[in-house]
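Morning, everyone. I have one structure to walk through today. Please have a look at it on the screen.

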Amino acid sequence: MTCKHRINDLLKRAAIFAALFVCGTAQAQDVTITSQNGGLAVTGRVIGFDGTYLQIESPYGPLALDYTRVTCEGATCPDPINHTPVVRLSGAARMVDVLMPALIDGFARSKGWRSTLKELGSTRLQITLTDDSDTVAEFALHGTTSDEGFADLMTFSADMVLSLREVSEVELALAQEVGLGALDSAEQSRIVGLDALVPVVSPSNTATFISISDLARAYAGRVTGWVDIGGPDLPMTLHLGPASDGQVQFLRRLLGGALADAVVHHASVAEMAAAVARDPGALGVGGMGETGVAAALTLRDACGFVTVPRPLALKAQDYPLTAPLFIYLPEWRLHPMARDFLAFLRTPAAQLIVRRAGFVDQGAVPIPLDAQGQRFVSAITAAGPELGLEELQRMVRVLTALTRQSVSFRFEVGSTRLDAGSRSNLIMLAQRIKDGDYAGRALWLVGFSDGRGAALANRDLSSARAEAVRRDLLDLLGQLPDGVTIETEAFGEALPMGCDDTEWGRQMNRRVELWVSE
């Protein structure tokens, strides 16, 4: 079956699923919308109301109609005067259980309101926002999986998807088919915080390091014992959380293939970590802060580059297994309450809540030069005959006059398009510039490349990438505030972050960093 046929087959199945979902409650939920002159009548299910426009699911796809210019008949027609907005979020249980209630409460407090949480079964929460005794909004949360979150969006049962992974190609096609728009666009995707996948072993296992390549080989079933990757003489057993969990899907996508049949899936990441801790030969992968008493492994590649899942490394995308927490939105207009909540997520107050919930926020912070000593040592060690001392001295001379920020931009594999995390970073940076955080300062976008090819060509390539990021940033800003300048510089392969003999290493090396003047 070709890829095209497979997608078409999935589209048909999704349409059948949506039809079955709707038909079960269609008679109770359908409304009839009639234009003022009676020349147009449409029957469908209400899927949203933003106070001005009514969205319905119709035989023609999702329609948005000016509610002041039509009449509505049916039990679910909204009352424009006494309407209480309901914002529906569905997806990853880890985000629903831990993060979103805290963010919604913080949003309420920022407005001077009170939030009240009520559990509606094992997977559903209702959070009511009140101003004195008046209800101003409700947030309905469905804690399930990233897969189910996208399914709820496809069937118009959710306004936002909470996901521990990026939207898949098949889901993008399905979304376009049912009229949800381009879910991977900057307007329809957000990153609310950062997590990390951390390899873990039993405390009795003497292994302390693992490479990305060996991690991929292990979960593909090509490693049977720890001795095969330089560890103790123990058979290796493989453990992960639920197969439907977004973290597992994210890992599978990162490692580039199917997982071995021998992988043991557990009902939760906590159960996985406990099982790993009991088995001296076990290997597991879990979210940062979810590893329990299991011992975390440091990532180290064949060239000796070491990365640890610390907040600064995640913010700068220097940790290869950084896992963003995504929110995906439909193309249609959301209620102003939902839009206000999304705007709140970019505020410093929301980023503080993200940190307190055990995740890593996206707020940029300076990285002192003395914290980057290992990077400069690696640059000197890795320098080849084409990259002479003069170029390294030039790099040190330029960068020591600046301060690195925990903002980096990386690109999709084989593309000049920024990856999802970098697109979010660009929007956040533009907002900080508009808010005056860099008033009177010069911003430098500094490009780096991998080491394949000639050194001079690599420097030109890294310069082109830095210029591309600058253009995208200026497009977002429209106009630079007075006293702010944005410059570019490039050093090609001079400051590697990983081995060039693996795609992982090359991907880490192809980047644009943000540096600022004092």
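A word on terms before we start: a residue is buried when its relative accessible area is under 20%. Also, keep in mind that this is a predicted model.

Let's take the aromatic residues. How many aromatic pairs does a search of the whole structure find? The search gives 10 aromatic pairs. Take Phe107 and Trp113. Their ring centres sit 6.2 Å apart and their planes stand at 90°, so this pair is edge-to-face. Phe107 and Trp113 are both buried. They also belong to a cluster: ring pairs link Phe107, Trp113, Phe139, Phe341 and Phe344.

Now another of the pairs. Phe150 and Tyr328 are tilted, with 5.4 Å from centre to centre and 50° between the planes. Where do these two lie? Phe150 is in helix H4, residues 146–154, and Tyr328 is in strand S19, residues 322–328. The pair therefore ties together parts that are 178 residues apart in sequence. By the cut-off I gave, Phe150 is buried, and Tyr328 is buried too.

On to helix packing. Two packed helices are described by the angle between their axes and the distance between the axes. Here we have H14, residues 420–434, and H15, residues 455–477. Their axes come within 9 Å and cross at roughly 55°. H14 and H15 are therefore oblique to each other. The crossing of H14 and H15 is right-handed. Which residues make the contact? From H14, they are Leu426, Ile427, Leu429, Ala430, Ile433 and Lys434. From H15, they are Val469, Asp472, Leu473, Leu476 and Leu477. Sorted by type, the residues of this contact are nine nonpolar, no polar and two charged.

Next, some loop residues. Most residues other than glycine have a negative phi. Asp132 has a positive phi, near 60°. Asp132 lies in the loop between strand S8 (124–131) and strand S9 (134–144). Is Asp132 buried or exposed? With 72% relative accessibility, Asp132 counts as exposed.

Phe156 also has a positive phi, near 60°. Its loop runs between H4 and strand S10 (160–163). Phe156 has 4% relative accessibility, so Phe156 counts as buried.

Last stop, Thr291. This residue is in the loop between strand S15 (282–287) and strand S16 (295–296). Its relative accessible area is 16%, so Thr291 is buried. Leaving aside residues up to four places away in sequence, Thr291 touches Val198, Val200 and Ala273.

That's my tour. Over to you.

Terms used
Residues are numbered from 1 along each chain as its sequence is written. This is a predicted model: local features need pLDDT of at least 70, side-chain atom pairs count only at pLDDT 80 or more; totals for chains, interfaces and linings use all residues. Side-chain values use heavy atoms; hydrogens and water are left out. Axes are lines fitted to C-alpha atoms, for helices over the stretch in contact, and angles run from 0 to 180 degrees between N-to-C directions. Helices (H or I, at least four residues) and strands (E, at least two) are DSSP runs, numbered from the N terminus. Angles under 35 degrees count as roughly parallel, over 145 as roughly antiparallel, 65 to 115 as roughly perpendicular and the rest as oblique. A crossing is left-handed if the near helix is turned anticlockwise from the far one by less than a right angle, and right-handed if clockwise. Contact means heavy atoms within 4.5 Å. Ala, Val, Leu, Ile, Met, Phe, Trp, Tyr, Cys and Pro count as nonpolar, Asp, Glu, Lys and Arg as charged, and the others, Gly among them, as polar. Rings of Phe, Tyr and Trp (its six-membered ring) pair if their centres lie within 6.5 Å; planes under 30 degrees apart count as stacked, over 60 as edge-to-face and the rest as tilted. Buried means under 20% relative accessible area, exposed over 50%, partly exposed in between (1.4 Å probe, protein chains only).
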